[in-house]
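Q: Please take a close look at one chain of this structure, working from its overall build down to single residues. How is it put together, and how does it meet its partner?

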Amino acid sequence: MEIIEKIKTNKSIDNQTEIQKICLDKLQSSPLPNPRSEQWRLSNKSKLSNFLDYSVNENYSKFDTPYPKNSQSTVRLIIGENCQIKLIEKNYSIQQLSEDELHKYIKEQISFFNQNEHWSDLLNLSLSCKNNILGLKINGSKIPPIEIFSHASSNSLNAKTLIIFLENNCSVDLLQVNLCEDNSSLSQSTFFCLEENSSLNHGVVSYGVNKSNLLNSLNVIQQKNSEYNLGSLHFKFNYARFEIRIKQSEGNAKTNIKGMQITKKDEQISTYTKIDFDGPNGFLDQINKSLADDKSHAIFEGSIIVPKIAQKTDASQLSRNLLLSNLAQIDTKPQLEIIADDVKCKHGATISQLNEEELFYMRTRGITLTEANKLQLSSYFQEIIAFIPVSKDRWDLLDKLLNEN
Amino acid sequence: MGNENLVKDVVKEPYKYGFVTDIETEKIEKGLNEDIIKLISQKKEEPKFLLDFRLKAFKKWQRMSEPDWAGLGYKKIDYQDIIYYSAPKQKDKISSLDEVDPKLLETFDKLGIPLTEQKKLTNVAVDAVFDSVSIATTFREELAEHGVIFCSISEAVKNHPDLIEKYLGTVVPASDNYFAALNSAVFSDGSFVYIPKGVTCPMDLSSYFRINSGDSGQFERTLIIAEESSSVSYLEGCTAPMFDTNTLHAAVVELIALDDASIKYSTVQNWYAGDEEGIGGIFNFVTKRGKCLGKRSKISWSQVETGSAITWKYPSCLLLGEESVGEFYSVALTNNLQQADTGTKMIHIGPKTKSTIISKGISAGNSKNSYRGLVKMGTKATGSRNYSQCDSMLIGDQASANTFPYIKSQQPNSEIEHEASTCRISEDQLFYLQSRGIEFEEAVSMMVSGFCRDVFNQLPMEFAAEADKLLALKLEGSVG
């Protein structure tokens with residue numbers, strides 16, 4: 001809990017920016033989230049404390065990306081690399097946000113923060129130095145795919161922040177990869193603002209090595225007629241927590257989420273989602289899958305909030321879970337809070353193991369047990385992986401997952 | 001759009017059980033301390049083990065704090081401003097119903113509860129509880145012939161102290177939660193049922209709870225024990241007069257089912273819900289839990305919750321015995337400013353256990369109706385199954401319907417399925433029914449009744465009719 005001690009004495013960072021000061025001040029009175037609160041009650045306290053045990057690393061260190069960049073048109077950015085980007089083409093432009101714009105936006109966001117719910121963001125913004133904040137403004141059409149990497153180096157706590165404004169009418173494929181080395185912690189906070197008629201296909205792939213930790217927070221604001229598609233995959237973390245907060249600020253927007261988390265050994269990975277419909281005619285289709293093996297623990301908590309103004313909302317949430325070992329455990333809590341009466345809202349949850357009849361069928365056709373298991377898992381994974389915007393010839397995520405499991 | 005207002009209008013229905021019986025009562029002074037508990041125990045001539053149980057619970061209660069996780073908004077309760085014992089004055093011991101104050105009999109008559117023996121045809125034995133004490137229990141001799149014990153818990157303490165000592169607090173321990181601890185310290189009366197081995201109870205058993213006094217709380221305790229291969233169906237009903245103050249009702253119900261035994265527990269809860277402004281009404285904080293101790297035992301909860309200003313109630317099943325079964329069927333209707341946070345807990349501990357949850361919530365007016373349930377598969381619950389279905393119906397755009405299912409599994413060889421949906425009374429369906437000549441009011445009533453059908457089918461016949469009527473009454477009103 002090295003960081004917390006430092007936050008208490010407000011000596012964590014030298015040369016604090018104004019944003020860091022505001023966040024540190026907010027954290028000082030109660031530096032840790034309330035373990036009894038609904039958002040944190042299932043979180044493993046000792047693992048969270050382990051996350052905070054490393055000292056902060058603000059410097060960029062080189063690392064190997066999981067696959068080479070071979071397409072000329074792909075835009076690849078690494079947070080913290082001190083990259084300057086200003087791409088102004090005929091059809092589109094990708095530019096960095098000015099310091100003033102960043103400052104204004106973050107300050108506005110912080111004003112809505114609730115200590116428990118946004119603790120991960122408060123921690124991130126109090127530790128994230130200027131170099132580790134990447135802000136982009138994207139507009140135009142025929143925008144090339146974008147890849148953004150965040151990396152945590154060994155024996156350190158790294159904080160990276162990403163802010164993207166997607167301007168009116170533009171459509172982008174964005175893959176975000178979070179990589180953690182051995183014994184490292186990564187605090188990643190992402191803020192997206194999708195303006196009217198824009199569309200974002202977003203993929204998040206996060207994985208670590210041994211004893212890697214991740215606090216990944218994603219905040220999305222969707223304006224009218226925008227579409228946000230998220231495919232996410234989290235695996236190989238001692239402790240990982242993925243928080244998704246989506247607000248359809250004026251309704252009339254579409255959100256599709258397909259997420260998966262895979263836990264083994266004594267890992268704990270959790271996904272928390274909160275979808276706010278602040279206007280009518282909103283749409284949500286969400287599937288979250290968990291697979292827990294060995295002594296691991298997978299958690300999903302999803303909440304859908306439909307106030308009076310959000311008439312004609314159509315929201316569905318499904319939590320599907322596979323429990324593969326006697327010592328593993330799964331907690332799931334899909335919840336609905338509805339006031340508007342003319343809505344279609346539903347949720348579902350299942351927990352079971354791999355289907356034995358299917359296994360038996362395949363084995364009677366001469367397929368070995370290992371192969372049959374692999375086939376079953378691949379069909380389970382495929383639904384999510386197909387939703388992540390990554391070209392298969394460069395990075396075969398399904399093969400990677402099947403080899404790891 | 002006009003229909004929306006009509007729907008809102010038809011859910012307004014005056015509370016018809018709101019009268020007060022003018023009867024001389026014996027009350028003790030307000031407040032809660034060790035002396036009060038000793039006084040209650042002394043009035044009931046209880047053995048020492050029970051007084052110790054109460055005092056221990058009181059000590060635990062003092063160290064606990066009122067739960068706030070359900071997010072129910074209500075004025076802080078002053079526990080020292082409540083009378084913990086109130087009983088109608090009558091002769092010490094009632095040997096026959098003729099000795100019961102006629103006013104009391106009249107009260108229960110007005111409520112439609114058959115206390116007089118000539119109403120035998122209904123074939124339901126009733127234990128009537130008025131404020132803090134049990135007034136009368138019918139059909140006792142007939143039941144005794146089969147070895148069934150059905151009496152008030154105070155009598156059971158005197159006549160069967162061994163059973164009470166063995167089972168009281170084993171399902172809901174005093175330290176279980178704040179309201180259970182309070183009940184354990186001050187419970188005044190309630191019902192006791194013991195079904196011996198191999199006996200199928202020849203008639204339905206029923207308790208009827210009536211709060212009459214405005215400043216006293218009601219803290220009843222029910223204990224039902226079903227021995228091996230026995231079965232019983234138990235019904236519970238409740239009403240209260242209209243007061244502009246809130247009255248506290250904190251009950252505890254414990255059920256124990258041994259090998260092959262089956263208990264069916266049905267409730268129609270119609271406490272006074274407060275007026276349209278939310279003034280008055282009962283705070284209903286109840287802990288109900290059943291333990292399926294034996295192999296192939298079965299506990300089934302069915303409830304129709306229409307009353308109370310605030311309902312905080314989670315009838316649960318601990319499924320310990322191999323192949324034991326737990327069921328929960330619930331309809332909760334809230335209107336005006338009522339708040340209901342209700343659901344169930346199905347804790348699968350033994351192997352091959354099964355549970356089913358069907359919950360229907362109807363929210364109207366400015367009310368808040370939440371389903372909160374837990375399904376847990378323990379490490380030894382191999383081959384266990386759960387199925388949950390929670391549906392909500394919203395009437396008007398001011399009411400809220402929430403679903404909070406907590407699902408936890410530690411056993412790979414088990415299956416959990418949960419689904420929830422939300423709907424409203426659609427214009428199309430109303431139009432269809434009305435075009436077939438069905439009155440608007442009846443059409444709404446039919447749709448609500450159809451929505452609740454899965455649950456009503458599970459209620460014993462007497463109650464199913466009552467529940468249907470109750471919902472229809474709530475939906476009856478000024479159709480313009």
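This is a predicted model: local features need pLDDT of at least 70, side-chain atom pairs count only at pLDDT 80 or more; totals for chains, interfaces and linings use all residues.

A: In chain B, buried residues make up 56% of the 480 residues. The secondary structure of chain B amounts to 11 helices and 24 strands. Of the contacts in chain B with a separation of 6 or more, 83% are between residues 24 or more positions apart.

Along the principal axes, the C-alpha trace of chain A spans about 65 × 50 × 45 Å. Of its 405 residues, 47% count as buried. In chain A, residues 24 or more positions apart account for 83% of the contacts with a separation of 6 or more.

The domain assignment divides chain A into domain 1, covering residues 2-249, and domain 2, covering residues 356-405. The centres of these two domains, taken over C-alpha atoms, are separated by 30 Å. Where they touch, domain 1 of chain A contributes 13 residues and domain 2 of chain A contributes 9 residues. On the side of domain 1 that touches domain 2, at least two residues each come from strand E7 (171-180), strand E9 (199-207) and strand E11 of chain A. E11(A) gives the most to this side, with 4 residues. Sorted by class, this side of domain 1 has 7 nonpolar, 5 polar and 1 charged residues.

A helix of chain A may be examined next. The buried residues of helix H2 of chain A, which runs over residues 18-29, are A:Ile19, A:Cys23, A:Leu24 and A:Leu27. These four cover an arc of only 125 degrees around the axis, which means that they lie on the same side of H2(A). What does this buried set pack against? The buried residues of H2(A) pack against helix H1 (2-9), helix H4 (99-111) and helix H5 (119-127) of chain A. On the face of H2(A) turned away from the buried side, the exposed residues are A:Glu18 and A:Ser29.

A:Leu200 has its place in strand E9 of chain A, one of the strands that supply residues to the side of domain 1 touching domain 2. Because 22 other C-beta atoms lie within 10 Å of its own, A:Leu200 is buried; the cut-off for a buried residue is 20 or more. Not counting residues up to four places away in sequence, A:Leu200 touches A:Leu166, A:Val172, A:Leu174, A:Phe192, A:Leu194 and A:Tyr228. A:Leu200 and A:Asp173 are 27 residues apart in sequence, while their C-alpha atoms are 6.1 Å apart in space.

A:Gln223 belongs to the loop between strand E10 (213-222) and strand E11 (227-235) of chain A. Beyond its neighbours within four places in sequence, A:Gln223 is in contact with A:Leu194, A:Glu195, A:Glu196, A:Ser249 and A:Glu250. From A:Gln223 to A:Lys247 the separation is 24 residues in sequence and 8.6 Å in space, C-alpha to C-alpha.

The last step is the meeting of the two chains. In total, 29 residues of chain A are in contact with 26 residues of chain B. Strand E18 (329-338) and strand E19 (344-352) of chain A are the elements that give two or more residues to the chain A side of this contact. The largest share of that side, 10 residues, comes from E18(A). By class, the chain A side consists of 12 nonpolar, 10 polar and 7 charged residues. E19(A) also pairs with strand E24 of chain B (residues 415-424), in the antiparallel sense and over 7 bridges. Within E24(B), B:Ile416 is the bridge partner of A:Ile351.

Terms used. Residues are numbered from 1 along each chain as its sequence is written. Chains are lettered from A and ligands numbered from 1 in the order in which they are written. Two residues are in contact if their C-beta atoms, placed from the backbone, lie within 7 Å. Ala, Val, Leu, Ile, Met, Phe, Trp, Tyr, Cys and Pro count as nonpolar, Asp, Glu, Lys and Arg as charged, and the others, Gly among them, as polar. Two strands pair if DSSP finds at least two bridges between them. A residue is buried if 20 or more other C-beta atoms lie within 10 Å of its own, exposed if 12 or fewer, and partly exposed in between; C-beta atoms are placed from the backbone. The arc is that of the directions from the helix axis to the C-beta atoms. Domain bounds come from an automatic or database domain assignment.
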